[in-house]
Each structure stands twice: as structure tokens, then as C-alpha cells.
Amino acid sequence: MKALNHIRDMARAAPRRIVLCEGEDRRVLEAAVRATQEGYAEILLVGDSERIKARAEEEHLELGAVSLIDPRVSQYTETLAEHLFQLREAKGMSREQARASVLEPLIFANLMVSTGLADGSVAGAVNTTADVVRAAIQLIGKAPGVTLVSSFFLMMLCKPFHNLKGGMIFSDCGLVVDPNADELAQIAMAAADSAEALLDEPARVAMLSFSTSGSARHASVDKVIQAARKVKGLRPQLAIDEDVQLDAAIVAEVAQRKLPDSKVKGQANVLVFPELEAGNIGYKLAERIGGAEAIGPLLQGLAKPANDLSRGCSVEDIINVIAVTTVQAQRQSPLATE
């Protein structure tokens, strides 16, 4: 898998501090150990340290360089509790409530990212997507100039039978249900940034629709066109097609017939779906029928990286998301020595 290997190589070249908070889960423990051994990240594992150690012994896992952080006794707990209070005081949180909440591993982990004690977080093997996303938005917050946090899947097409090869970004497939034109434009720009960070190539964006270049008239087509034109105004150098059907987005011969003036020319590496229903169906079709490997859902638009996992994730899934989170952190906060 050339694209995935490239991401792992980038992560290994400049590991970041990635915090996990579900260390009593066997998959998370094994992923933490392997990601550390393989050099993708410096893993910080938040939780009940005694129970984590016991589970590691039960699973015959040597924690090695994995750092355990127990919120009940950590030197950072009081500082993070005060930071949480400052963040949430306007929402009615008291200092006593902050001191209680900071003991929750998911909260503690995201506060570590918010305060710079960690560079990114990964959760969701045990916690729900709603809890993971809520903690990220409330505690880490949005990137400057961003008003919408969205999601994407990194789709890996690397098997011999795939006509398309490499990685693609599918967005939004897991978070924003029915974006308006402005929100869809933000999703498209965030997805383009994700492509350029992870795929090591310029983004080529297709704004998917059941219409190509105005071949159909409908309010949902108008929304896609409006979003694409907003992106063009903000990023005139970005290769982006307005309303385009999937075949014209990814098949050069079809694009030549249907959209001869296309900048993407049937070689899209970013597919932006008009709403969540289409995106969720689309990535699962690509995964289950098309044999693509889906990594995610990954979050975009945050001030610092925080990513979700499926509760059915494998150890390899978690390692892949750790590597992606490291690369996102590299992109957002380059080290002076890089």
C-alpha cells in the first residue's frame, strides 16, 4: 500500500506525542505498544495505571516506552482541571465539576492536547463517536478561521484489481448531516487540505452530484454549484470541478466527454459528497464491494488533531489512525528541526 506506507514513513520521520485514553482495551494496548516500537508516535496512555498494567500482563504485552498517565495522581491534573474550568465556566461549569470531570480519561486526554502536553489524540475504540467529537470540539476547539468541524475517510485503493491506485479522501461521511452551501464549501477546503497533508500530491476535488456541469436542475445541484464557486473564489489555484457525477470525477475518458473543460480531468483524489447519507453509503460501498480499506472517520477543522475510531476497529486500524494523527500534527505544528 504505497500511500499508507508513505504516511507511516512520514510519521516515523518525526514522531509526535499522541495520547490514547482506552488502555484497558486489548486492541488499544497492543496498538500503543506496536506504534511505539515501530516509531510512529510517542504514546501517552491515560487511565487507571494499575488496571492498564494488569491488562498488559494478562495479554503478555510489554509496555516498554509507552508512558502511563493516571489522572488520579498525575502532576498535570490540577492544571488541567483549572484549564477545563476556564474553558467551560461560561457554560456553567464550576471548579468542583471541573475537578471531577478531568478524572475522565477522554476529557483528560483532550485537555492534554489543548494545553500542548500532547500533539494529538485518538479515541473511539470504547467511547462513542458522539463523545469523542464532543470532547474534541469543546476542549481542543476549531482551527483559526474555521466554523465547522467535519470528517473524512482515507480510502486506500491498493489491491491488484483496483483500477484506481493509491489513496483518496472521502468527505463528509460521518459528521455533518445536511450541510448548506457555505458548510459544503468548508468541507471541500478542509478535505483538500487533508489530501495535501496525507497523500503527498496536489488536491483534485470533485463536488459530487447526480448532475454534471448543469445537466440536471434541482435545489441539491444548486447547493453543490454554489459551494464549488465559493471554494473557487477563496482558492483559485485549487483544481475543483463543480457539480460532477462520480464517473466523470474518476474516469478520464468519461470526464473528457461530459466535462471537457475540467481541471480535475477525471483524476479526482478528493470526493466531496453533497450530504452525509450519500457519503456514508459511498464509503461503505467502496469498502465492502470495492475492496477499499477505509481509515477513519478522521476529523478535520480542529485546532489540533483528534481522531475517532470505529468501536469495531482492529489493532491495525488503530495503528493507522495513530500514524495519520502524527502526520496531521506535523502539518499543523512543524518542529524547528524539521
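# Burial, pairing and helix ends

Colleague: Does Cys 173 count as buried or exposed, and at what relative accessibility?
Modeller: Buried is the term for under 20% relative accessible area, exposed for over 50% and partly exposed for what lies in between, with a 1.4 Å probe and protein chains only. Cys 173 counts as buried, because its relative accessibility is 1%.

Colleague: What kind of model is this, and on what basis are its features counted?
Modeller: Residues are numbered from 1 along each chain as its sequence is written, and side-chain values use heavy atoms, with hydrogens and water left out. Local features need pLDDT of at least 70 and side-chain atom pairs count only at pLDDT 80 or more, whereas totals for chains, interfaces and linings use all residues, this being a predicted model.

Colleague: How many disulfides does a search of the whole structure find?
Modeller: A disulfide requires a pair of cysteine sulfur atoms within 2.5 Å. For Cys 21, which is buried at 9% relative accessibility, the closest cysteine sulfur is that of Cys 313, and at 12 Å it is too far for a bond. Over the whole structure, the number of disulfides found is zero.

Colleague: How many salt bridges does the count come to?
Modeller: Side chains of opposite charge can pair when their charged atoms come close. The rule applied here asks for a side-chain nitrogen of Lys or Arg within 4 Å of a carboxyl oxygen of Asp or Glu. One network of salt bridges links Arg 8, Arg 34, Glu 38 and Glu 316. By this rule the count is 23.

Colleague: What is the distance between the closest N and O atoms in the salt bridge of Asp 25 with Arg 27?
Modeller: Asp 25 counts as buried because its relative accessibility is 16%, and Arg 27 is buried as well, at 13%. In their salt bridge, the closest N and O atoms are separated by 2.9 Å.

Colleague: With which residue does Glu 59 form a salt bridge?
Modeller: Glu 59 is partly exposed, at 23% relative accessibility. With the closest N and O atoms 3.1 Å apart, the salt bridge of Glu 59 is formed with Arg 55.

Colleague: Which residue meets Glu 242 in a salt bridge?
Modeller: The N to O distance in this salt bridge of Glu 242 and Lys 232 is 3.0 Å. The pair links distant parts of the chain, 10 residues apart, with Glu 242 in strand S8 (residues 239-244) and Lys 232 in helix H9 (residues 219-234); helices (H or I, at least four residues) and strands (E, at least two) are DSSP runs numbered from the N terminus.

Colleague: How many of the 18 residues of H8 are buried?
Modeller: Helix H8 (residues 181-198) reaches 26 Å from its first C-alpha to its last, close to the 26 Å expected at 1.5 Å a residue, where the expected span is 1.5 Å times one less than the number of residues. Ala 190 lies in this helix and is buried, with a relative accessible area of 16%; its C-alpha is separated by 8.9 Å from that of Val 149, 41 residues apart along the chain. H8 is largely enclosed by the rest of the structure, because the number of its residues that are buried is 13.

Colleague: Which residue caps the N-terminal end of H8?
Modeller: The contact involved is a polar one, meaning a pair of N or O atoms within 3.5 Å, where within protein one must be able to donate a hydrogen and the other to accept it, and residues adjacent in sequence count only if both atoms are side-chain atoms. After H8 comes Asp 200, whose phi is positive, near 60°. At the N-terminal end, a side-chain oxygen lies 3.1 Å from the backbone nitrogen of Asp 182, and the capping residue is Asn 180.

Colleague: At what distance does the side chain of Ser 74 reach the backbone nitrogen of Tyr 76?
Modeller: Ser 74 is placed in the loop between strand S3 (67-69) and helix H4 (77-88), and at 16% relative accessibility it counts as buried. Its side chain reaches the backbone nitrogen of Tyr 76 at 3.0 Å.

Colleague: Which residue takes a positive phi just after H6?
Modeller: Helix H6 (residues 105-114) is largely enclosed by the rest of the structure, because eight of its 10 residues are buried. Among them are Leu 106, Phe 108 and Asn 110. Just after H6, a positive phi of about 90° is taken by Gly 116.
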